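Me: I've got a structure open and I'd like to talk it through. Can we start with how helix length gets checked?

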Amino acid sequence: MQCEQCRAQFGELYDGALSPDQAEAVRRHMAACADCAAGYAQFAAAVDSVRALEPVSPRARLLADISSGLDAIPAPSSPAQRAVRLGPWLAAAACFAVIFVGIMKHSNYRLAPAFGPQAEAPRAARSMPAEPVSPAGMDAEAAAGTEAEEATVIATEPAADAEQAE
């Protein structure tokens, strides 16, 4: 038997609640272990001292004092009361969100999606017309105007990208 197991059974040994085999094992251990024997002697002396005390009857008003003390404790607040206390904080958070969104909108801040149908096409794909236009279907003057517009778009696109980078 180990010391921890022996000490855990001091109360049952003192009250005589252990089986004869268990009580014998605890006594054998205490005979071999001076620390457990001294611990059991202190335990028995403490229990004897407590049992020797005279019983004390409580005051007649003890129950009334306890009840009035419990009544004096404030009840927990309701969810509505907690919401009223959080109101100023919620209003401040909403104001911050509105100001933040306004600043981002004013500064033309935008995040381009990385993929999907709204993703920005590469520069080469942006300069190409959406549908191929055949000069045969147009008169000569319209075809020349279309080619000039395409050349302008291609020529101005790198300049626009340089301005955005600055």
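This is a predicted model: local features need pLDDT of at least 70, side-chain atom pairs count only at pLDDT 80 or more; totals for chains, interfaces and linings use all residues.

Me: Which residues of H3 are buried?

Reply: Ala23, Ala25, Val26, His29 and Met30 are buried. They cover an arc of only 160° around the axis, so they sit on the same side of H3.

Me: And which ones are exposed on the other side of H3?

Reply: Pro20, Asp21, Arg28, Ala31 and Ala32.

Me: What covers the buried residues of H3?

Reply: The cover includes helix H1 (3-8), H2 and H4.

Me: Zooming out. How many helices and strands does the protein chain have?

Reply: There are 8 helices and 0 strands. From the N terminus, the order reads α-α-α-α-α-α-α-α.

Me: What share of the residues counts as buried?

Reply: The protein chain has 166 residues, and 10% of them count as buried.

Me: And how much accessible surface does the protein chain have?

Reply: About 13,800 Å². Carbon and sulfur atoms account for 62% of that surface.

Me: What about contacts between residues 24 or more positions apart?

Reply: Take the contacts with a separation of 6 or more. Residues 24 or more positions apart account for 55% of those in the protein chain.

Me: New topic. How many salt bridges does the structure hold?

Reply: It holds 3 salt bridges. One of them joins Arg51 and Asp15, with the closest N and O atoms 3.2 Å apart.

Me: Which parts does that pair tie together?

Reply: Arg51 lies in helix H4 (residues 34-52) and Asp15 in helix H2 (residues 10-15). So the pair ties together parts that are 36 residues apart in sequence.

Me: Are Arg51 and Asp15 buried or exposed?

Reply: Arg51 counts as exposed because its relative accessibility is 56%, and exposed means over 50%. Asp15 is exposed too, with a relative accessible area of 51%.

Me: Next, which residues are linked in a network of salt bridges?

Reply: Arg59, Arg61 and Asp65. Asp65 pairs with Arg59, the closest N and O atoms being 2.7 Å apart. Asp65 also meets Arg61, at 3.5 Å from N to O.

Me: Where does each one stand on accessibility?

Reply: Asp65 is at 29% relative accessibility, so it counts as partly exposed. Arg59 is at 56%, so it counts as exposed. Arg61 is at 53%, so it counts as exposed.

Me: Last one. Which residues form a nonpolar patch on the surface?

Reply: Leu62, Ile66, Leu70 and Ile73. Together they have about 380 Å² of accessible area.

Me: Where is Leu70 placed, and is Leu70 buried or exposed?

Reply: Leu70 is in helix H5, residues 62-72. Its relative accessibility is 55%, so Leu70 counts as exposed.

Definitions and conventions. Residues are numbered from 1 along each chain as its sequence is written. Side-chain values use heavy atoms; hydrogens and water are left out. Patches are made of residues with over 30% relative accessible area and no salt bridge: like charges are joined within 9 Å, nonpolar side chains (Val, Leu, Ile, Met, Phe, Trp, Tyr) within 5 Å. Accessible areas come from the Shrake-Rupley method with a 1.4 Å probe; for residues, only the protein chains shown count as cover. A salt bridge is a side-chain nitrogen of Lys or Arg within 4 Å of a carboxyl oxygen of Asp or Glu. Helices (H or I, at least four residues) and strands (E, at least two) are DSSP runs, numbered from the N terminus. Buried means under 20% relative accessible area, exposed over 50%, partly exposed in between (1.4 Å probe, protein chains only). The arc is that of the directions from the helix axis to the C-beta atoms. Contact means heavy atoms within 4.5 Å.
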